[in-house]
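Here are a few friendly notes to read alongside the structure. Take them one at a time, and find each element on the model as you go.

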Amino acid sequence: RCDQPANFSASQLTCNMSQALNNTGRDMWLNFHCWHDADCAKCGNSFRVFHDHHDDWGSTSSTIDFLANNRQPFWGPDPDYGWPDADFIYTGGEGCGSHSPPGQRCPGQSEVEYVSEFSIWAIAQGQLVLATDPRNMTAFMKKVLFNKEVLDVFRDVSGFRDVVMIPSNTTPPAPGPVPAVCSVALKKQISRAACTAHASFDCVNGSQNMWTDDGCRGEFTCNGLPTTCDVDNAGRHTCDCGGSDDQVQSWLRPTADGGGAAVLHNPTDSAADVSVTFADVPKRGWSEQTSIHVRDLWVHKDLGSMTNKFVAKGVPSHGSVFVKLAQLHA
């Protein structure tokens, strides 16, 4: 969308390019920035669905929030196109400049955060594009990037259209009623488009929500709570005052073998228990009485069988547990 010529929409330009590539008769992969309608899945193989991802937890966290709250019905093979791209992963840290010595890295996140980054990208988005220096990889990088059990879930696209994220509050709501008239103020503008109070952002009276419009993205104070509203699509968007950093997350995906996979993610600033209720896994019909075998895909260990739910105890701040779920039959 850079330097877009007059009288052409992003959709027209992209689809024209797609047709030109198809006319060559050669197999090619076309990735582009999606304008968020069903034509995205018709005119290319994969498409960017959010803004640039950078090697820091704030950027990773906002991308995770987008993947959780903005899934589109055309994400997934249609029949062969439609893979959403949440931008690069930075496992182990990106290179330290364009002429970095082999193996030199400048990590912007902790190893715990990199595991969460890779876990959410693997369960919830369409491709894994490495933006780190692969020369002389560290043991940690090899552990993450070559984890076959996690990659097997990523490659199993049978349940890709059915990925869900279920949040769970870890802190009680603030006492007292929701203010009838709320307030929101801009702390830092992220977007190129201007953020103007009451015109391109405001909060929703009588709720714990705020909205942005006209391309405004930024960091705000909403009802006294720090709130990031950073959704890079056309139109009006609603964000929770305070964001979702006070909620642990259960990411669920059915798998082709009749089981499922779950990433139990803790975006909060302290350790927390995170659970998956088996009945919440899409397309499985499991109940409170269903017994499920649970395997941890990061430690490569069978955790045994549970009924109704599995609870990951003490997941560290910004950390994630990735488990595979298989139904036990009598």
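1. Let's begin with a strand pair: β5 is joined to strand β8 (residues 218–222) by 5 bridges, and the two run antiparallel. Within this pairing, A185 stands opposite T221 in β8. Two strands count as paired if DSSP finds at least two bridges between them. Strands are DSSP runs of E with at least two residues, helices are runs of H or I with at least four, and both are numbered from the N terminus.

2. A word on the source: this is a predicted model, in which local features need pLDDT of at least 70 and side-chain atom pairs count only at pLDDT 80 or more, while totals for chains, interfaces and linings use all residues. Residues are numbered from 1 along each chain as its sequence is written, and side-chain values use heavy atoms, with hydrogens and water left out.

3. Where does that strand pair belong? The order β5-β8-β9 describes an open sheet of 3 strands with antiparallel pairing. β5 (184–189) and β9 (225–229) are at the edges with a single partner strand each, so one side of each has no neighbour in the sheet. From one strand to the next, the twist averages 30°; axes are lines fitted to C-alpha atoms (for helices, over the stretch in contact), and angles between N-to-C directions run from 0 to 180 degrees.

4. Now look at β7. Strand β6 (residues 201–203) and strand β7 (residues 209–212) run antiparallel, joined by 3 bridges, and C203 has M210 in β7 as its bridge partner. Their hairpin has 5 residues between the strands, and G206 there takes a positive phi near 75°. β7 is also joined to strand β10 (residues 237–240), again antiparallel, by 4 bridges; here N209 has D240 as its bridge partner.

5. Strand β2 (residues 46–48) pairs with β3 over 3 bridges, and R48 stands opposite D85 in β3.

6. Finally, how do α2 and α3 pack? Helix α2 (residues 57–69) and helix α3 (residues 111–124) meet at an angle of about 25°, with their axes 11 Å apart.
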